[in-house]
Amino acid sequence: MAMRVQLAYGREGLWIELPDGLHIEVVEPRFVPGLPDEREAILRALRDPIGSPPLKELVRPDDTVAIVFSDITRPMPNARVLPVLLMELSHVPRSHIVLINALGTHRPQTEGELVEMLGQEVVENYRVVQHDCRDKKNLVYLGESSFGHPIWVNRIYMECSVKILTGFIEPHFFAGFSGGPKAVLPGIAGEKTILWNHGAEMVGHPNATWGVTEGNPIWEEMREVAVKTEPTFLLNVAINRKKEITGVFAGDVWKAHAAGVEFVRKVAMVPVDEPFDIVITSNSGYPLDINLYQAVKGMSAAAQVVREGGSIIIAAECRDGIPDHGEYKNILKTAKSPQELLERITAPGFLVQDQWEAQVQALVQLKADVYVKSTYLTDEQIRDALLRPCHSIKGTLEQLCRRYGPETRICVLPEGPQTIPYVRKNNIE
């Protein structure tokens, strides 16, 4: 009887059939059921926060309030979280509140996307601003970080007397974990600040990886920049594969984020005994698999447990293409191989938007071949991105098994980078 596994893919998922007689290990995060009453859990967290007075006590009616929220490339349930947060701020006039879309270097959302993300009522009744990292007149300069990088941050945010950061926490492929300070950098930072933080030397640091914050230069600079902006309050959540909220972490930015990180670490970080010949992964479905750029995260998750010379098969719908916006697509076109791509990116003076994604992709490909199964990308687009097309996961798997032999070891990551597998060192965690 062949094994069937559903990969998180687009909105609907993708069922794959795995041949009999193979050594297959399915690695998933520990499933945590959604909270029975999300609204009540959020309210409780706002009223009894971690290391902070209740939100209502922190915010006066005459304050101006900036609420930073995650963009469409993140599965943050903004439409379920922000209305509860805004209700708790009902003593503040709506005209004093601004919601800032933390786009980093990503494209702005359409009106329809904002309604989908936030809900019609929020969009109609509150001021919503889309951060533009290249608009110098709407940025404030805060000096240099200890890494020698210029710090530019959204002016509207900086001019508010209360600054609330929202988001969700998951392992991140070079920042360690998302949430917390990532709402500021890269979320609402200037382009140069983001480029330097995501530069080749920073991304190439051995501690710039999944699950590592302390000692990770990228995360430590994110923290330093966020501290300079003096955020008032944090509201982060954890979610499961159904996008249900499993934990709410509110209060002091650093204490609440640390609590959320430990919760997510126990759920998402999964040990395996030894590397695999083949790793089949997703990119956690929509919206995380919205384009190939985002799918590099799934490749990186798989690379944690693939052996040198192994193969990765990633299923990512990519309804937004490569994409056409940003520089990732153009950077890929400048090289004929992953090695050439890495040499170009790490050359002195090279500093271009999206180079970090191309750099991680090149590093993954220098370890393993990468095959892409996608509904919206053509074979030509996949090859232009230096990757290999996959029309059928079962067919590609059978071909690879012939290459690696009868003892082929296969790992499946149905939820992609929602699970971060790692190899136990000497079988000891």
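**Reading pockets, a sheet and a helix pair**

Me: What volume does the largest pocket have?

Reply: About 670 Å³; that is the space filled by probe spheres set on grid points joined across faces, edges and corners. A pocket here is an open set of points on a 1 Å grid over the protein atoms alone where a 1.4 Å probe fits, with protein on both sides within 12 Å along at least five of seven lines. This is a predicted model, where local features need pLDDT of at least 70 and side-chain atom pairs 80 or more, while totals for chains, interfaces and linings use all residues. Residues are numbered from 1 along each chain as its sequence is written, and side-chain values use heavy atoms, without hydrogens and water.

Me: Which residues of the lining are closest to the centre of the largest pocket?

Reply: Lining residues have an atom within 4 Å of a point. There are 30 of them here, and Pro-75, Arg-241, Lys-243, Tyr-286 and Pro-287 are the closest to the centre. Helix α3 (78-88) gives the largest share, three residues; helices (H or I, at least four residues) and strands (E, at least two) are DSSP runs numbered from the N terminus. The lining has 13 nonpolar, eight polar and nine charged residues; Asp, Glu, Lys and Arg count as charged, Ala, Val, Leu, Ile, Met, Phe, Trp, Tyr, Cys and Pro as nonpolar, and the others, Gly among them, as polar.

Me: And the second largest pocket: which elements give two or more residues to its lining?

Reply: This pocket holds about 430 Å³ and is lined by 22 residues, with Phe-173, Ala-208, Thr-209, Ser-300 and Gln-304 nearest its centre. The elements are α11, α14 and β20 (420-423).

Me: How do the axes of α11 and α14 cross?

Reply: Axes are lines fitted to C-alpha atoms, for helices over the stretch in contact, with angles from 0 to 180 degrees between N-to-C directions. Helices α11 (292-303) and α14 (355-367) come within 9 Å and cross at roughly 35°. Their contact (heavy atoms within 4.5 Å) involves, among others, Tyr-293 and Ser-300 of α11 and Trp-356 and Val-360 of α14. The contact residues comprise seven nonpolar, three polar and three charged.

Me: What is the strand order in the open sheet?

Reply: Strands pair if DSSP finds at least two bridges between them. The six strands run β6-β5-β4-β9-β12-β13, with mixed pairing. Because β6 (127-130) and β13 (245-251) each have a single partner strand, one side of each lacks a neighbour in the sheet. Strand β5 (97-102) pairs with β6 in the parallel sense over four bridges, and Leu-99 faces Val-128 of β6.
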